[in-house]
Amino acid sequence: MEISKAVKLVIAYLIFIFILSVVPVKQSRWLEYFPWDKVVHFIFYVILAYLLLSAFRGTRHPYVNSFICAFCFGCFIELVQYFIPYRSFDLKDIAADTIGLVTGLWLSSKIRFKKFSHWQTHTRH
């Protein structure tokens, strides 16, 4: 059984997120005033939602499967960070991940719905 390109892309993206999540990060004083890392979490999980939906296309519940996979991955990352001395567990990161995930799923549903509506109005009878 061959692994699809969408699944390979998801795996590569998950590895990328994991590596960024475990490497040491130098904290700047300006980060105290604006939580850039929460914005990055949000953006990464919007992208992850779209990639997972592409990978789960054709399955019975692609949105539910995508949500469960991404949410569990975000929790896993935070759990790993709890045990790394130079990183920390943060519920706000899980919240930013989840908000990005839900936003990505919502945007994907709107984009796909628009495409479907467009196809439906231009079909011949």
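Predicted model: local features only at pLDDT ≥ 70, side-chain atom pairs only at ≥ 80, totals over all residues.

A crossing is left-handed if the near helix is turned anticlockwise from the far one by less than a right angle, and right-handed if clockwise. Residues are numbered from 1 along each chain as its sequence is written, and side-chain values use heavy atoms, with hydrogens and water left out.

**Exercise 1. Get the overall layout**

Task: work out how many helices and strands the protein has, and what pattern they follow.

Solution: 
- Helices (H or I, at least four residues) and strands (E, at least two) are DSSP runs, numbered from the N terminus.
- On that basis the protein has four helices and zero strands.
- Along the sequence this reads α-α-α-α.
- Next, burial: buried means under 20% relative accessible area, exposed over 50%, and partly exposed in between (1.4 Å probe, protein chains only).
- Of the 125 residues, 27% count as buried.
- Contact means heavy atoms within 4.5 Å. Among contacts between residues at least 6 apart in sequence, 74% join residues at least 24 apart.

**Exercise 2. Helix 2 against helix 3**

Task: describe how helix 2 and helix 3 pack, giving the angle, axis distance and handedness.

Solution: 
- Axes are lines fitted to C-alpha atoms, for helices over the stretch in contact, and angles run from 0 to 180 degrees between N-to-C directions.
- Helix 2 (residues 36-55) and helix 3 (residues 62-82) pack at about 140°, with their axes 9 Å apart.
- That makes helix 2 oblique to helix 3. The cut-offs: angles under 35 degrees count as roughly parallel, over 145 as roughly antiparallel, 65 to 115 as roughly perpendicular and the rest as oblique.
- The crossing of helix 2 and helix 3 is right-handed.
- On the helix 2 side, the residues in contact include Tyr-45, Leu-48 and Leu-52, and among their partners in helix 3 are Ala-70, Phe-73 and Glu-78.
- The residues of this helix 2 to helix 3 contact split into nine nonpolar, three polar and one charged. Here Ala, Val, Leu, Ile, Met, Phe, Trp, Tyr, Cys and Pro count as nonpolar, Asp, Glu, Lys and Arg as charged, and the others, Gly among them, as polar.

**Exercise 3. Helix 1 and its two partners**

Task: is helix 1 roughly parallel or roughly antiparallel to helix 2, and which is it for helix 3?

Solution: 
- Start with helix 2: the axes of helix 1 and helix 2 come within 8 Å and cross at roughly 155°.
- That makes helix 1 roughly antiparallel to helix 2.
- Helix 1 passes helix 2 in a left-handed crossing.
- By class, the contact of helix 1 with helix 2 has 16 nonpolar, one polar and no charged residues.
- Now helix 3: helix 1 and helix 3 pack at about 25°, with their axes 10 Å apart.
- That makes helix 1 roughly parallel to helix 3.
- The contact is made by Leu-14, Ile-17, Phe-18, Ser-21 and Val-22 of helix 1 and Phe-73, Phe-76, Ile-77, Val-80 and Gln-81 of helix 3.
- The contact of helix 1 with helix 3 has eight nonpolar, two polar and no charged residues.

**Exercise 4. Find the core**

Task: which residues of the largest nonpolar core touch the most other members?

Solution: 
- A nonpolar core is a set of buried Ala, Val, Leu, Ile, Met, Phe, Trp, Tyr and Cys residues joined through side-chain atoms within 4.5 Å.
- The largest such core has 15 residues, and Tyr-45, Leu-48, Leu-52, Ala-70 and Leu-101 touch the most other members.
- Two or more residues of this core come from each of helix 1 (5-22), helix 2, helix 3 and helix 4 (91-121).
- Helix 2 gives the most, with six residues.
- Leaving aside neighbours within four places in sequence, Leu-101 is in contact with residues including Tyr-45, Val-46, Ser-66 and Ala-70.
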